[in-house]
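Open the model in your viewer and keep the selection tool at hand. The tour goes stop by stop.

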Amino acid sequence: MLHGICKHNNKNFLLVDIPGTYSLMSNSQEEEIARNYICFGNPDTTVIILDATCIEKNLNLVFQTLEITNKVVVCVNLLDEAKKKNIEVNLKKLSELLGVPVVGTIARKPKTLKNLLDTIYNVCCDKIVCSPKKIKYYPIIEDCILMLSSDVQKILPVSKQYLTRWICLKLIDRDDSIIDSIENAFGIKLLTDEVLLKLDEIKKLLEKNDITKNNLKDKIVSSIVFTAEDICNEVVSYKRSGYHNRDRKIDKILTSKKFGIPIMILFLGVIFWITITGANYPSQVLSDFFGYIQEKLLYFFSYIHAPDWVSGILIEGMYQTVTWVISVMLPPMAIFFPLFTILEDLGYLPRIAFNLDNYFKKACTTGKQALTMCMGFGCNAAGVVGCRIINSPRERLIAILTNSFVPCNGRFPFLITIASIFIGSIATGIGASILSTICVLFVILLGIYLTLLISKILSKTILKGVPSSFILELPPYRKPQIGKVIVRSLFDRTLYVLGRAISVAAPVGIIIWLFANINIGNLSILSYIANFLDPFAKLMGLDGYILTAFILGLPANEIVLPIILMSYMAKGSLVNLEDTYMIGNILVQNGWTILTAINVMLFTLLHFPCSTTLLTIKKETGSWKWMFISFLLPTVCGIVLCMCTTFLYNLIV
């Protein structure tokens, strides 16, 4: 749950954002968290946000909340969207029917929120007395509640008497989870001998009226649904019956079985092409800028007569590694994350989850994994954190373990460079960039396929289980707020991820410099490691220096290529070559072939996550074991796949 502080009318308010949910029936983790906080968190006021375009659906949550607390403010948001669709909501009438204050807002316009804050303040200070209207259930259920009320009132503390009706309902439903929570929170025992006797009578009475444990909840929910429908008919008017036709027409194309997946691939291709072509110039500018600063720093260290090893460690080691990460990582993230956020604001991301839901269901996981997988394209660490939206612990763990099967922006520069040198060189001009994009897109689709395959294998082995169902709401298409998109994507995602990468890359830059400059005999430590790994690397169609670079690139994938070039050119510091033609010549002169390029791209896709992602996995799972498995899983897949391609290539050639 997120917390925030708001000051209004010289009072400080602690705002707690509980997980979004449509119900408090505790069928998911979000519902249980929301219910427990409303019931046991002692909030001064509970604000329920309704979508003005679909009031009826949201009233279910309102009535369930009114059973728990009297202090409720209903906020009807998205009034601007409702106006566009010619939907009118009578807020005054809705307030009368619910018995609590109802406030209309447009979240895009902060001035509309003042009335909401005033209402919250008045409810908290008891300046507005709420008299919520309770749901009238089936007569037999109401009789059962009445039978139990007096016994429950005797048990409850005086301050909690207002919960009597709701607790009676939960006792009748024998909701053991909430009963245990109530007993622990209030220090009482609900299931006394008297209550148990009454519950036996109630059970027999309900069964005589054809109401059993299996259909009791349905009876309760149906009463809420019918009441919500009646209220909606009174307070909502539709001037245009086909208000949602435009969205449905678009959805028929974007979510169709025939066009949904191809359009999704096309969108991804366009985003990656824009990222590839758009990141080149700012990367060059940053590289030149940091190069200029590096020259000045070297001059300064020379001026103060600092030892060579000091300037080597601090400048050629730490500084050059950090600035390489920034110049290579920042521009793609600064382009990709806003584009990704625009798709999110438009309402397209839930459509991607809808399109992929069937495939993930076949893999015995949830369609929500599609959303976290898409976040992994920007940063696998962010994708791992995004797995919190998945309710099932089993499915959340599968999504975390397989998130690194799609390449993050740290791997894109390497993939793009290799694709441009060995694949894009087949064509010229714009055709080269298109061919490179197709190659990178193929690698990405392979990653998606392996995500599904490994998820299926995990679901059938160490993480057995059936896929859970979830309600996927397709929101209306909206015009994105470009200003907020840029700010949110840059500060909440780009700079956050970049900061974590830099914090790890700085010390590793020192280690890389030491390995490259400390010699034992005629060879550096780096060369000894490469020679040791070379026989195994040959089996993968690589060489020892490539494999060493991947290992030393654990802190940040962006430094893998510079380490390879540094090793080939026998330099003591990272090499920054922006000209792909020069890079290609160096690689070819050191024995690279089309097989090497293919295997490097495959291993770039399939190898251990970066240290930032691994630390995030440890934090999210709370287990070193799952972090180790997440390290091992893609690495083993990458080694096996590279060995297979090498074997097939040698067999054919």
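Is arginine 351 buried or exposed? Arginine 351 is buried, because its relative accessibility is 0%. Buried means under 20% relative accessible area, exposed over 50%, and partly exposed in between (1.4 Å probe, protein chains only).

Two notes before moving on. This is a predicted model, in which local features need pLDDT of at least 70 and side-chain atom pairs count only at pLDDT 80 or more, while totals for chains, interfaces and linings use all residues. Residues are numbered from 1 along each chain as its sequence is written, and side-chain values use heavy atoms, with hydrogens and water left out.

**Stop 1: around arginine 351**

Stay on arginine 351. It sits in helix H14 (residues 349-362). Helices (H or I, at least four residues) and strands (E, at least two) are DSSP runs, numbered from the N terminus. Now show the contacts of arginine 351, leaving out residues up to four places away in sequence: Asp251, Thr255, Leu474, Pro475 and Tyr477. Contact means heavy atoms within 4.5 Å.

**Stop 2: helix H6**

Select residues 139-155, helix H6. Its 17 residues should span 24 Å at 1.5 Å a residue, and the end C-alpha atoms are 25 Å apart, which agrees. The expected span is 1.5 Å times one less than the number of residues.

Where does H6 bend? Look at serine 149: the bend there is about 40 degrees. That is the angle between axes fitted to the seven residues ending there and the seven starting there.

Next, color the buried residues of H6, among them Ile141, Cys144, Leu148 and Val152. Serine 149 is also one of the buried residues. Glu142 and Asp151 are on the list too. The buried residues of H6 pack against helix H7 (164-173), helix H9 (193-208) and helix H10 (213-235).

**Stop 3: salt bridges**

A search of the whole structure finds 12 salt bridges. Each is a side-chain nitrogen of Lys or Arg within 4 Å of a carboxyl oxygen of Asp or Glu.

Pick glutamate 67 and arginine 165. Their side chains meet at 3.6 Å, N to O. This pair links distant parts of the chain, 98 residues apart: glutamate 67 is in the loop between helix H2 (55-66) and strand S4 (72-77), and arginine 165 is in H7. Glutamate 67 counts as buried, at 4% relative accessibility.

Then select aspartate 126 and lysine 71, which meet at 2.9 Å, N to O. Aspartate 126 is in the loop between helix H5 (113-124) and H6, lysine 71 in the loop between H2 and S4, 55 residues apart. Aspartate 126 is exposed at 53%. Lysine 71 is partly exposed at 26%.

**Stop 4: a nonpolar patch**

Which residues form a nonpolar patch on the surface? Select Ile594, Ile598, Phe647, Leu648, Tyr649, Leu651, Ile652 and Val653, with about 850 Å² of accessible area together. Areas come from the Shrake-Rupley method with a 1.4 Å probe; for residues, only the protein chains shown count as cover. Patches are made of residues with over 30% relative accessible area and no salt bridge; like charges are joined within 9 Å, nonpolar side chains (Val, Leu, Ile, Met, Phe, Trp, Tyr) within 5 Å.

Helix H25 (594-605) and helix H27 (624-652) each supply at least two patch residues. H27 gives the largest share, five residues. End on leucine 648, in H27. Leucine 648 is partly exposed, at 47% relative accessible area.
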